[in-house]
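I opened this notebook to record what I looked up in one structure. The entries follow the order in which I consulted the coordinates.

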Amino acid sequence: MQNKGLIRLFAILFGLVCVYQLSFTWFAKNVEEDAANYANNDAVKKRAYLDSVANKTVVDIGIASFTYKEIKDKEINLGLDLKGGINATLEVSVRDILIGLSNHSKDPTFNRALEAATQAQKGSTNDYITLFFDAFESLSKGTIKLSDPKIFGNKSLRDKINFKMDNDAVQPLLRKEVNGSINTAFEVLRSRIDKFGVTQPNIQRIAQSGRILIELPGAKDIDRVKKLLQSTAELQFWEVYTNQDIVGFFQQANATLVQILKTDKPTKTDEKNSKIDDLLGEVKDSVNVKKQFPLYSVLEPNNPRSENDLSSRIATAALTDTARVNKYLAMPKVRALLPENMRYAKFLWDAKPITNTERIYLYAIKSNRNDKAPIEGDVIEDARQAFDQFGANPEVSMTMNSRGSKLWGKMTTANVGKFVAVVLDNYVYTAPLVNDAITSGRTSISGNFTIVEAQDLANVLKAGKLPAPAQIIQSAVVGPSLGQEAIDSGVNSFLLALALILLWMILYYGKAGVFADVALITNILYIFGVLTGFGAVLTLPGIAGIVLTIGMSVDANVLIFERIKEEFIKGKGTKEAIRDGFSGALSSILDANVTTFLTGLILFIFGSGPIKGFATTLMIGIVTSLFTAIFVTRLFIEWYMKKDRTLTFNTKITQNWFKNLDAQFLKKRNIAFIISGTVIAAGLVSLLTNGLNYGVDFKGGRTYTVRFEKPVSAPKVGNALKIVFGSAPEVKTFGADNQLKITTKYNVDKNGIAADDEVQQKLFEGIKSFLPEGTTINQFKPGGETKHKIGIMQAVKVGPTIADDIKKDAFWAILGSLIIVFFYILLRFRKWQFSMGAVVAVFHDVLVVLGIFSLFYKYLPFDLEIDQAFIAAILTVVGYSLNDTVVIFDRIREFSINHKSWKQKTIINKALSSTLSRTINTSLTTLIVLIAIFLDGGETIRGFMFALIIGVIVGTYSSLFIASPIMYLTSKKSDENKN
């Protein structure tokens with residue numbers, strides 16, 4: 001081996017660097033164990049301990065020292081499925097950006113184009129702004145241009161767009177403005193996340209779309225995270241009407257509502273409630289009150305007791321009645337009752353309920369025709385959490401810029417003795433009485449905050465407001481306890497698989513197997529070192545990727561060892577056989593690994609979240625396994641052979657296995673075609689009748705993994721949830737019999753915190769009777785701490801639009817992998833017949849796996865969902881099948897060159913027979929790995945591993961009985977042309 005010394009030096013230095021990178025994980029774990037021991041299982045004390053040592057030196061190795069914060073930043077990144085937390089895809093509303101750029105244009109063509117684009121987006125791959133331009137062109141028919149002063153030729157954009165410009169000139173300018181707004185949203189969200197305090201957050205913009213991917217591993221307060229991400233931070237300062245101004249309006253509104261509701265037909269819900277009232281014996285009182293006082297039955301006005309009894313709080317209502325109050329006050333006939341000077345009044349609720357009650361205050365804001373606040377949040381220069389003048393209650397202290405100071409001074413001067421409201425995202429945080437004019441540009445927001453809430457609000461205000469709402473359209477929430485369970489099961493399955501492979505290699509190859517094992521362990525060190533060094537995220541599918549890589553690393557060693565054994569059979573000496581064995585196997589190893597690497601690359605491009613983690617570890621593992629198998633194993637073998645020791649590549653048990661094998665595989669091709677045709681036909685029939693069990697990734701909706709204290713019946717839980725959701729959700733046992741997977745499409749088209757909270761609230765109400773008595777909604781939510789670790793362990797949400805995108809990405813990922821592989825094999829083997837054989841075999845494997853999933857998903861005791869993980873499994877099967885096929889094709893090519901007198905049928909049979917030992921050995925070791933993870937890797941990846949197990953079995957079969965026969969049948973060279 002040339003440059004042996006250089007390779008040895010590189011291997012040692014690379015290993016030391018990997019040990020150095022991994023040491024930070026070990027040091028961080030030690031510090032956290034000390035914190036746990038100090039806190040005695042008290043989470044608050046543990047956090048306080050870690051905060052106290054964050055900037056203190058905890059590791060000193062002489063030449064360098066590190067604080068806890070520094071080693072925490074350098075430790076291996078664990079994904080959400082291992083650490084808990086939230087992964088979310090947010091979509092910045094391009095529609096709202098366009099509305100903002102148009103200054104909320106009322107032009108009918110503009111608004112119809114927006115609506116048409118919104119509808120078209122549901123079934124189109126084009127971005128929203130392109131759909132808007134197309135719709136505008138179609139609707140305007142040349143009668144109005146985008147540059148019209150009523151649309152984008154307004155004062156705000158006058159420096160960029162003038163009314164003379166045609167649509168073609170305006171469109172790129174609008175694209176630039178929209179892109180700038182999305183970049184602003186990206187930076188605002190980054191700023192908020194940086195201040196949130198989780199370690200190793202990840203935020204990235206997805207290509208040129210309006211989507212932003214955010215990962216916060218370890219985040220426990222999920223509700224707080226969602227509010228932080230989705231809050232637009234639209235801060236406004238308004239004058240307000242008092243209870244004296246509004247009392248007459250409420251009296252008139254109530255009288256008008258009596259007349260309106262008399263003519264309305266009762267809804268089914270009202271009839272149902274009426275029947276319930278009858279049963280309770282309360283019908284007369286409740287109906288009379290609602291008929292005579294419809295507004296007052298849901299709203300309690302704050303009537304002034306005297307002329308001096310002034311308040312900005314005009315009424316209170318129960319939290320459950322706010323929607324009905326909003327409906328009543330928004331009715332045109334009711335709003336028509338407002339005096340002329342109050343015609344633009346806007347009714348807003350308090351940001352929080354009244355302390356220790358289920359009621360909330362209502363305010364009346366002095367709005368205007370354009371709903372433009374006198375002062376907005378862009379004047380805020382700084383914001384911080386502080387305490388009130390008594391040092392008791394948290395508040396947010398704000399400093400305004402010079403323009404804001406003047407406006408604030410003017411507003412407070414004009415409202416001395418009156419009230420001014422501070423409004424954030426259409427909720428009133430405070431509406432205090434102005435005692436004196438404030439000209440310093442300093443003010444504060446008080447609102448019965450906790451310290452954390454005040455800190456979050458200050459961070460949001462300081463980071464700035466989002467240019468448009470950002471809604472979570474896809475999310476995955478994993479509770480911390482489920483993450484720890486995933487770590488335990490992942491580590492256990494990994495160690496079990498590793499131990500089995502190490503033992504198998506020694507059993508099969510003897511001393512040479514020991515060297516392969518050392519190289520394998522070195523490979524694992526390299527993989528984890530590279531993952532840590534590059535800051536890549538390790539997920540549960542990522543662990544599966546590493547374990548699969550171990551199997552492929554073994555494959556490289558098997559190829560080499562089998563080739564060396566062949567050289568021994570030719571009568572070569574040990575050193576010569578080793579040299580020729582390594583060089584002879586190199587082509588097959590490279591071809592096999594390149595094809596798998598290409599499928600991993602496609603996975604990385606089209607996948608997201610855990611799938612990217614799987615692809616990352618797979619690609620890193622392929623590169624490191626190539627290095628360790630080709631170089632590290634050889635270094636150890638050559639070191640051992642220096643003293644003229646004997647080295648065999650088998651044991652007494654295995655020395656005669658697969659020896660002198662001469663199987664006639666091509667003779668069996670018709671039987672194989674019949675078997676494959678039957679299985680595929682059955683699968684296709686099932687696909688057309690049973691279909692597939694599509695997961696939430698492909699159909700949209702919300703999926704919750706819910707754990708109970710005791711075993712529960714899925715049908716009973718489903719019936720209970722049907723009552724609250726209105727339609728039956730999909731409920732099935734997931735793993736243990738006290739854990740269910742619940743999927744619902746209730747409110748699937750709605751985004752935002754309110755929609756998510758409503759679904760979780762209904763879920764809780766529906767299954768409350770199955771939970772321990774006293775369980776609260778906060779304990780039930782993800783991250784909630786309960787004695788028995790029950791409630792939502794994992795929550796996944798996928799909107800309909802992104803579900804369609806996932807389907808398209810999956811289709812292109814599979815098609816792309818087949819096309820790339822076809823051309824790679826064509827490039828390597830120079831014959832389209834080889835490419836055809838490989839692609840047909842891969843297509844065969846995909847159809848068989850899909851067919852099995854369709855046939856058995858209703859009957860097997862574990863989940864066989866078609867989701868993103870399944871697509872990852874399919875692409876991995878593609879890579880594995882190609883790995884096998886390419887090794888065989890490589891041997892066929894070699895035999896064709898070295899044995900030109902042989903008939904093609906003989907060449908193919910000999911090639912298949914000579915590689916059979918490697919084929920079975922590699923498949924067996926890979927299956928050992930996969931079965932170990934399948935049995936002990938946790939329920940969340942069991943279906944994923946099942947697909948891989950089926951894929952490996954079918955891939956091995958197809959490489960022997962499909963790929964080579966197809967290549968043979970399509971080849972122009974026939975046996976008759978041979979002598």
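**Entry 1. Ground rules**

I note that this is a predicted model, in which local features need pLDDT of at least 70 and side-chain atom pairs count only at pLDDT 80 or more, while totals for chains, interfaces and linings use all residues. Residues are numbered from 1 along each chain as its sequence is written, and side-chain values use heavy atoms, with hydrogens and water left out.

**Entry 2. The whole chain**

I looked up the secondary structure and found 32 helices and 23 strands in the protein chain. Helices (H or I, at least four residues) and strands (E, at least two) are DSSP runs, numbered from the N terminus.

I then turned to burial: 53% of the 979 residues of the protein chain count as buried. Buried means under 20% relative accessible area, exposed over 50%, and partly exposed in between, with a 1.4 Å probe and protein chains only.

The protein chain exposes about 45,700 Å², of which carbon and sulfur atoms supply 56%. Accessible areas come from the Shrake-Rupley method with a 1.4 Å probe, and for residues only the protein chains shown count as cover.

For contacts (heavy atoms within 4.5 Å), I considered those in the protein chain with a separation of 6 or more; residues 24 or more positions apart account for 74% of them.

**Entry 3. Backbone angles**

Most residues other than glycine have a negative phi. H104 is in the loop between α5 (94-101) and α6 (108-121), and its relative accessible area of 54% makes it exposed.

D371 has a phi near 50°, again positive in a residue other than glycine. D371 is in the loop between β11 (359-365) and β12 (375-376); at 37% relative accessibility, D371 is partly exposed.

**Entry 4. Aromatic rings**

How many aromatic pairs are there? Rings of Phe, Tyr and Trp (its six-membered ring) pair if their centres lie within 6.5 Å; planes under 30 degrees apart count as stacked, over 60 as edge-to-face and the rest as tilted. By this rule I have 33 aromatic pairs.

One pair I looked up is F249 with F250: the ring centres are 5.9 Å apart and the planes stand at 40°, so the pair is tilted. F249 is buried at a relative accessible area of 4%, and F250 is buried at 1%.

Next I took F515 and F636, whose ring centres are 6.5 Å apart with planes at 10°, so this pair is stacked. F515 belongs to helix α18 (residues 511-533) and F636 to helix α21 (residues 610-640), so the pair ties together parts that are 121 residues apart in sequence. F515 is buried, with a relative accessible area of 9%, whereas F636 is partly exposed at 29%.

I also noted one aromatic cluster, formed by F10, F14, Y526, F627 and F631.

**Entry 5. Charges over rings**

A charge sits over a ring if NZ of Lys or CZ of Arg is within 6 Å of the ring centre and within 35 degrees of the ring normal. K74 lies over the face of F24, at 5.6 Å from the ring centre. The charged end of R942 is over the ring of F934, 5.9 Å from its centre.

**Entry 6. Two residues and their contacts**

I looked up T522 in helix α18. Is T522 buried or exposed? At 17% relative accessibility, T522 counts as buried. Leaving aside neighbours within four places in sequence, T522 is in contact with T628 and V632.

K333 is in helix α14 (residues 332-335) and is exposed at 58% relative accessibility. Not counting residues up to four places away in sequence, K333 touches T256 and I260. K333 and L257 are 76 residues apart in sequence, yet their C-alpha atoms are 8.7 Å apart in space.

**Entry 7. A nonpolar surface patch**

Which residues form the nonpolar patch on the surface? The members are L601, F604, I605, F606, F811 and W812, with about 590 Å² of accessible area together. Patches are made of residues with over 30% relative accessible area and no salt bridge; like charges are joined within 9 Å, and nonpolar side chains (Val, Leu, Ile, Met, Phe, Trp, Tyr) within 5 Å. A salt bridge is a side-chain nitrogen of Lys or Arg within 4 Å of a carboxyl oxygen of Asp or Glu.

I find that α20 (574-606) and α27 (800-829) each supply at least two residues of the nonpolar patch. The largest share, four residues, comes from α20, while F811 is found in helix α27.
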